[in-house]
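Subject: Structure handover and notes

Hello,

I am passing on a structure for your files.

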Amino acid sequence: MTETKSKSQRAYDWIYTRIADRRFGPGYRLVLGSIAESLEMSVVPVREAIRRLEAEGLVEFERNVGARVVQIDQTEYLYTMQTLGVVEGIATALAVPHLTEAELDRASAVNNRLRDLLGDFDPQLFTRINEQFHAVLFEPCPNPHILDLVRRGWTRMSGLRSSSFTFVPDRARESVDEHDKILDLIRRRADPLEIEMAARQHRWRTMNAYLGQHEPGAHHRAPTTD
């Protein structure tokens, strides 16, 4: 029984990693037999892993097609980004008392790297480094339930969209500037609500920029404040 669980976890990690790093993009068909062969195991633990990924919203089953990575869906993107903005905002605010100067310096260094990437822009690389920046700020959140929601939101975004910055590259420069403002608020130990709203609006501005490219005048866009 332990061996089966171990194989199931190994299959889960293998598939999850490929969804997260976008080797298995939206709509990618997950063929159980092929995956099992690659991992040198039976299809049983692979099926268990895929069911777990389905429960997490990263995989869907379609009749006569089978399992595949969730398709890009504008509504799902909207809801995921709205939710991520809320939970990441509160996670960042709650993390502030636990952030060290060394961690803030690290976040600043990561943001400087993002700024360096603006010249020869690679949206995929920018997105990966961008996630590193945010992780520094939200990972110290002491509430494990909120932290789990944030992590799930980032993972779900990996499955929904290769990179928002692919479609709105101009948003990248604004995003880097907003990072500086969030860091400044944290260093000054500003009001927690102000930090929470800054982090939330930062996420929503990216969402609105993307939706503005695909749904002009969409009433679904979230409100932002300056």
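This is a predicted model: local features need pLDDT of at least 70, side-chain atom pairs count only at pLDDT 80 or more; totals for chains, interfaces and linings use all residues.

Residues are numbered from 1 along each chain as its sequence is written, and side-chain values use heavy atoms, with hydrogens and water left out.

Overall make-up

The protein has 10 helices and two strands. Helices (H or I, at least four residues) and strands (E, at least two) are DSSP runs, numbered from the N terminus. Their order from the N terminus is α-α-α-β-β-α-α-α-α-α-α-α. Of the 226 residues, 45% count as buried; buried means under 20% relative accessible area, exposed over 50%, and partly exposed in between, with a 1.4 Å probe and protein chains only. Among contacts (heavy atoms within 4.5 Å) with a separation of 6 or more, 72% are between residues 24 or more positions apart.

Helix packing

Helix H5 (residues 101-116) packs on helix H6 (residues 123-138) at an angle of about 165°, and their axes are 9 Å apart. Axes are lines fitted to C-alpha atoms, for helices over the stretch in contact, and angles run from 0 to 180 degrees between N-to-C directions. H5 and H6 are therefore roughly antiparallel; the classes are under 35 degrees for roughly parallel, over 145 for roughly antiparallel, 65 to 115 for roughly perpendicular, and oblique for the rest. H5 passes H6 in a left-handed crossing, meaning that the near helix is turned anticlockwise from the far one by less than a right angle (clockwise would be right-handed). Residues of H5 in this contact include Leu-104, Ala-107 and Leu-114, and those of H6 include Phe-126, Phe-133 and Leu-137. By class, the contact of H5 with H6 has 10 nonpolar, three polar and three charged residues. Ala, Val, Leu, Ile, Met, Phe, Trp, Tyr, Cys and Pro count as nonpolar, Asp, Glu, Lys and Arg as charged, and the others, Gly among them, as polar.

The axes of H6 and H9 come within 12 Å and cross at roughly 10°, so these two helices are roughly parallel. Their crossing is left-handed. The contact of H6 with H9 divides into eight nonpolar, four polar and no charged residues.

Leaving aside neighbours within four places in sequence, the contacts of Leu-137 include Leu-104, Ala-107, Ile-182 and Ile-186.

Single residues

Glu-40, in the loop between helix H2 (32-39) and helix H3 (43-55), has a phi near 55°, a positive value in a residue other than glycine. Glu-40 counts as exposed, at 70% relative accessibility. Arg-189 also has a positive phi, about 50°, although it is not a glycine. Arg-189 lies in the loop between helix H9 (170-187) and helix H10 (192-214) and counts as partly exposed at 42% relative accessibility. Thr-155, in helix H7 (residues 144-160), counts as buried at 13% relative accessibility.

Regards
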